[in-house]
Amino acid sequence: MDFTYDSYANLIRLIQSEGYTFTGYHDFGEGPVVIMRHDIDTSVKKAYEMSLLEDKLGIKATYYALLNTDFYNVASNTNRLLLQDMISRGHEIGLHFDEAQYSDETSYESVVEKEIAVLSAILDHPVTTVSMHRPSQKALEGDWQFEGVVNSYSKLFFKEFKYLSDSRMRWREDPVEAITSHEYDRIQIVTHPFWYSEDKGEFREKLYDFIELAATERYDALCDNIRDFEQVISREEI
């Protein structure tokens, strides 16, 4: 499948037509069930657009937001309101935890608990699930457990569910085949909203578009904070 919104919508409709129920990490049953998970690696706005599409398709998903990233700020008024609106519409926001921000000697249980508390405070809503950003082998094999918080990379969800991911804009296994084969009663599908758009686009093209968009967003922020900024640098120049 390609990385367009139409293709994603077709995947959701296929899952529904094959008799699977969409569920979350807290209330799944025996099956056949699908947990739809989205990692917000680069853009809250792209995640928000995906959630609006899912509303139209009649499903809810879990979105994982980073606290430690140079790409976006979950505490900014714009992103906070987008995430809170997603919650109000029934989607779940979890913590996307980046091990690389800490030393190997760090107690991950402790820092996950702290980041959960911070994200919960920002969203004014309890955060009760976590996923690892670029998980290490230790995280994948460790079956880490956190009190009161579901780990999407625990043995239950990573080993006992069929795990399908579109990491780096490439499906390791064909999700359509996995669904239609009915080989798996429990499936966890991981996507990255950053890759999806109206047009198909290629890997390099989507990265380049993101870089251009970042320049535009930075320009708009400067306009909001520096009087008469457009007289110094015009929009046409960037």
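**View A. The buried residues of helix H8 in the predicted model.** Lys206, Phe210 and Tyr219 are the buried residues of helix H8 (residues 203-225), buried meaning under 20% relative accessible area, exposed over 50% and partly exposed in between, with a 1.4 Å probe and protein chains only. Helix H9 (229-232) is included in what covers these residues, where contact means heavy atoms within 4.5 Å. Helix H8 has 23 residues and reaches 34 Å from its first C-alpha to its last, close to the 33 Å expected at 1.5 Å a residue; the expected span is 1.5 Å times one less than the number of residues. Helices (H or I, at least four residues) and strands (E, at least two) are DSSP runs, numbered from the N terminus.

**View B. Helix H1 and its cover.** The 13 residues of helix H1 (residues 5-17) should span 18 Å at 1.5 Å a residue, and the end C-alpha atoms are 18 Å apart, which agrees. The buried residues of H1 are Tyr5, Ser7, Tyr8, Ala9, Leu11, Ile12 and Ile15. An α-helix has 3.6 residues a turn, so residues three or four places apart point the same way. What covers the buried residues of H1 includes strands S1 (21-23), S2 (33-40) and S8 (186-191), together with helices H2 (44-57) and H7 (175-181). H1 is followed by Gly19, which has a positive phi, near 90°.

**View C. The packing of helix H2 against helix H3.** H2 and helix H3 (residues 77-88) pack at an angle of about 25°, with their axes 10 Å apart; axes are lines fitted to C-alpha atoms, for helices over the stretch in contact, and angles run from 0 to 180 degrees between N-to-C directions. The two helices, H2 and H3, are therefore roughly parallel to each other, a description used for angles under 35 degrees, with over 145 counting as roughly antiparallel, 65 to 115 as roughly perpendicular and the rest as oblique. In the contact, Val44, Lys45, Ala47, Tyr48 and Ser51 of H2 meet Asn79, Leu82, Leu83, Asp85 and Met86 of H3.

**View D. Leu140 in helix H5.** Leu140 lies in helix H5 (residues 137-142) and is buried, with a relative accessible area of 19%. Leaving aside neighbours within four places in sequence, Leu140 is in contact with Pro135, Tyr153 and Phe158. Leu140 and Lys155 are 15 residues apart in sequence and 8.2 Å apart in space, C-alpha to C-alpha.

**Notes to the views.** Residues are numbered from 1 along each chain as its sequence is written, and side-chain values use heavy atoms, with hydrogens and water left out. Because this is a predicted model, local features need pLDDT of at least 70 and side-chain atom pairs count only at pLDDT 80 or more, whereas totals for chains, interfaces and linings use all residues.
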